[in-house]
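Dear colleague,

I am passing on the structure we spoke of, and I would be grateful if you could look through it alongside the notes that follow.

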Amino acid sequence: MAGALFPIPAGSTIVGRSADCAIVVADPSLSRRHFELLLQLDTCRVIDLDSRNGVVVNGAAILRKRVRPGDEIHAGDIVFRIEATVVPPLPLYPDTAPTLEASAPPPPDGSLLAALRANVQRDPAARLYALVDGAQAFELAFGGRLMGHDVYSLFSGGLVHATAQVGPILVALGDPSGFLQKWIAAMGRNAGVLFESAADLDTLYAHLRGIFVVTDEERTEYFFRFYDPRVLRVFLPTCREDELREFFGPVHSWIVESDGEPKYSVYSIEGAGLRHRELTAGAAARSGPA
């Protein structure tokens, strides 16, 4: 059966050697019901079903883990590899012509905007993005579109345009000058978060959807509002190393406004832990472990 391709439909797919499994591999090293693949939207998780020989993903034994394209699942003596059907992001308002200037004059020395500009896009391979909460600041995301930036909803299918004004909106920033001016002006409204990534758009979009649409242990699906600064700045310091690496994925850094103060927190992974830097007006960035 080497090289056999098994399509994974939405919902639950059981893999094992029993004839009642959705994917049957008659190998004695597999349990009758060895593991489950749970596909919801474009997020896939593998769950060990108390198998005799366990489940290993990319060399690490697991009980439950999200898997991505390219990941290998070892069950007994059998190796499965996850392949993907890419769900492309659908742009919002693609026919809206830009009417606002995207660039802006250099910010005053010592200003918060100057500190923010100086501490983003230091890696030439990375690109700056904004993830705007449409329910809090839809006009900020639409303003980005009027500046010529591409914008996308994290919802898919028929929900894209219906939820544009209440859901998370991804703004892909080229020249961020004018947009960052508006971003700082929106401080205190919990409008969303900034982040940097060098990944291609399809990879990044799939990752963001994967951390937006999540399931709990009872397999109840819900939306994780990680793009709310009040949520992200509390969530990140509580994560273990493996949780941080899964959450960050292709994201280099998250940039989050602080609570009640005119400053930003920049979170990245350093070694086995979370690194935290503060950006304030009139001062150099301060850094340390979170």
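How much space lies in the largest cavity? In this predicted model, the largest cavity holds about 30 Å³ of space, and the count of cavities of 30 Å³ or more comes to 1. Its lining is made up of Trp183, Ala186, Met187, Ala191, Gly192 and Glu257, a set that divides into 4 nonpolar residues, 1 polar and 1 charged.

Turning to the chain as a whole, the secondary structure comprises 7 helices and 19 strands, and the C-alpha atoms fill a box of roughly 70 × 45 × 35 Å when taken along the principal axes. Of the 290 residues in the protein chain, 49% count as buried, while the accessible surface comes to about 13800 Å², with 53% of that surface belonging to carbon and sulfur atoms. Among the contacts with a separation of 6 or more, 58% are accounted for by residues 24 or more positions apart.

As for the cysteines, the count of disulfides comes to 0. Cysteine 21 is in no disulfide, and the nearest cysteine sulfur, which belongs to cysteine 44, is 16 Å away, whereas a disulfide would need the two sulfur atoms to be within 2.5 Å. Cysteine 21 has a relative accessible area of 6% and therefore counts as buried, since the cut-off for that class is under 20%. Cysteine 239 is likewise buried, with a relative accessible area of 13%.

With kind regards

Technical notes: Residues are numbered from 1 along each chain as its sequence is written. This is a predicted model: local features need pLDDT of at least 70, side-chain atom pairs count only at pLDDT 80 or more; totals for chains, interfaces and linings use all residues. Side-chain values use heavy atoms; hydrogens and water are left out. On a 1 Å grid over the protein atoms alone, a cavity is a set of points where a 1.4 Å probe fits but cannot get out, and a pocket is an open set with protein on both sides within 12 Å along at least five of seven lines; lining residues have an atom within 4 Å of a point. Grid points are joined across faces, edges and corners, and a volume is the space filled by probe spheres set on the points. Ala, Val, Leu, Ile, Met, Phe, Trp, Tyr, Cys and Pro count as nonpolar, Asp, Glu, Lys and Arg as charged, and the others, Gly among them, as polar. Helices (H or I, at least four residues) and strands (E, at least two) are DSSP runs, numbered from the N terminus. Buried means under 20% relative accessible area, exposed over 50%, partly exposed in between (1.4 Å probe, protein chains only). Contact means heavy atoms within 4.5 Å. Accessible areas come from the Shrake-Rupley method with a 1.4 Å probe; for residues, only the protein chains shown count as cover.
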